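Q: I have a chain open here and would like to go through its fold and its contacts. Could you take me through it, beginning with the order of the elements?

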Amino acid sequence: MAGGGGRAEHDEKTCRKVDGTMTRVFELLGKRWTGLIVTVLMTQPAYFAELRRAIPKISERMLTDRLTELVAAGLALREVDAGPPLRVTYRLTDSGRALEPALSELARWAERYMAEDEGCP
């Protein structure tokens, strides 16, 4: 029982670092609400107020923060409509729309493997 009392020895192969690409993906899309915002925008561009109604539990501050992150990452565009009243529209860029197959696959996975009450925040 030398070497850890029967435990498997850990070496470099066992303790690999997480791939940097996946780390970047989940640092952005793994944040609460981000995926839901992208999902709403996948169907059509939306005004800020429409996004708030579509995701009722999100605060205005959090929605603003997540939209700012999506714009900075190049996944969404922020367009100001010169009112009156002044309105801001958000739409996905080509990069944002390219997430559709991955999000659809995640939805199929969730339908198959997650109980319904586990899927909603």
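A: Reading from the N terminus, the elements follow the order α-α-β-α-α-β-β-α-α. Please keep in mind that this is a predicted model.

Q: How many helices and strands does the chain come to?
A: The chain has six helices and three strands.

Q: And what share of the residues counts as buried?
A: Of the 121 residues in the chain, 19% are buried.

Q: Which residues have the most contacts inside the largest nonpolar core?
A: They are Ile-37, Leu-41, Leu-51 and Leu-67, in a core of 18 residues. Two or more residues of this core come from each of helix H2 (34-43), helix H4 (60-72) and strand S3 (87-92).

Q: Staying with Leu-51, what does it touch beyond residues up to four places away in sequence?
A: Leu-51 is in contact with Val-40, Leu-41, Ala-46, Leu-63, Leu-67 and Tyr-90.

Q: Back to the helices. At what angle do H2 and H4 pack?
A: The angle is about 70 degrees, and the axes lie 10 Å apart. An angle from 65 to 115 degrees counts as roughly perpendicular, so H2 is roughly perpendicular to H4.

Q: Which residues meet there, on H2 and on H4?
A: H2 contributes Thr-34, Ile-37, Val-38 and Leu-41, and these meet Leu-63, Arg-66, Leu-67 and Leu-70 of H4.

Q: A change of topic: how many aromatic pairs does the structure hold?
A: There is one aromatic pair. It is formed by Trp-109 and Tyr-113, whose ring centres are 6.0 Å apart.

Q: Why is that pair called tilted?
A: The planes of the two rings are at 40 degrees. Planes under 30 degrees apart count as stacked and those over 60 as edge-to-face, with the rest tilted, so the pair of Trp-109 and Tyr-113 is tilted.

Q: Where do the two residues lie relative to each other in helix H6?
A: Trp-109 and Tyr-113 are four residues apart in H6 (residues 100-113), so about one helical turn separates them.

Q: Is Tyr-113 buried or exposed?
A: Tyr-113 is exposed, at a relative accessible area of 53%. Trp-109 is partly exposed, because its value is 45% and the exposed class begins over 50%.

Q: One more ring, then: what sits over Tyr-47?
A: The charged end of Arg-87 does, 3.5 Å from the centre of the Tyr-47 ring.

Q: Lastly, what share of the contacts with a separation of 6 or more comes from residues 24 or more positions apart?
A: Such residues account for 49% of those contacts in the chain.

Conventions:
Residues are numbered from 1 along each chain as its sequence is written. This is a predicted model: local features need pLDDT of at least 70, side-chain atom pairs count only at pLDDT 80 or more; totals for chains, interfaces and linings use all residues. Side-chain values use heavy atoms; hydrogens and water are left out. Rings of Phe, Tyr and Trp (its six-membered ring) pair if their centres lie within 6.5 Å; planes under 30 degrees apart count as stacked, over 60 as edge-to-face and the rest as tilted. Buried means under 20% relative accessible area, exposed over 50%, partly exposed in between (1.4 Å probe, protein chains only). A charge sits over a ring if NZ of Lys or CZ of Arg is within 6 Å of the ring centre and within 35 degrees of the ring normal. A nonpolar core is a set of buried Ala, Val, Leu, Ile, Met, Phe, Trp, Tyr and Cys residues joined through side-chain atoms within 4.5 Å. Contact means heavy atoms within 4.5 Å. Axes are lines fitted to C-alpha atoms, for helices over the stretch in contact, and angles run from 0 to 180 degrees between N-to-C directions. Angles under 35 degrees count as roughly parallel, over 145 as roughly antiparallel, 65 to 115 as roughly perpendicular and the rest as oblique.
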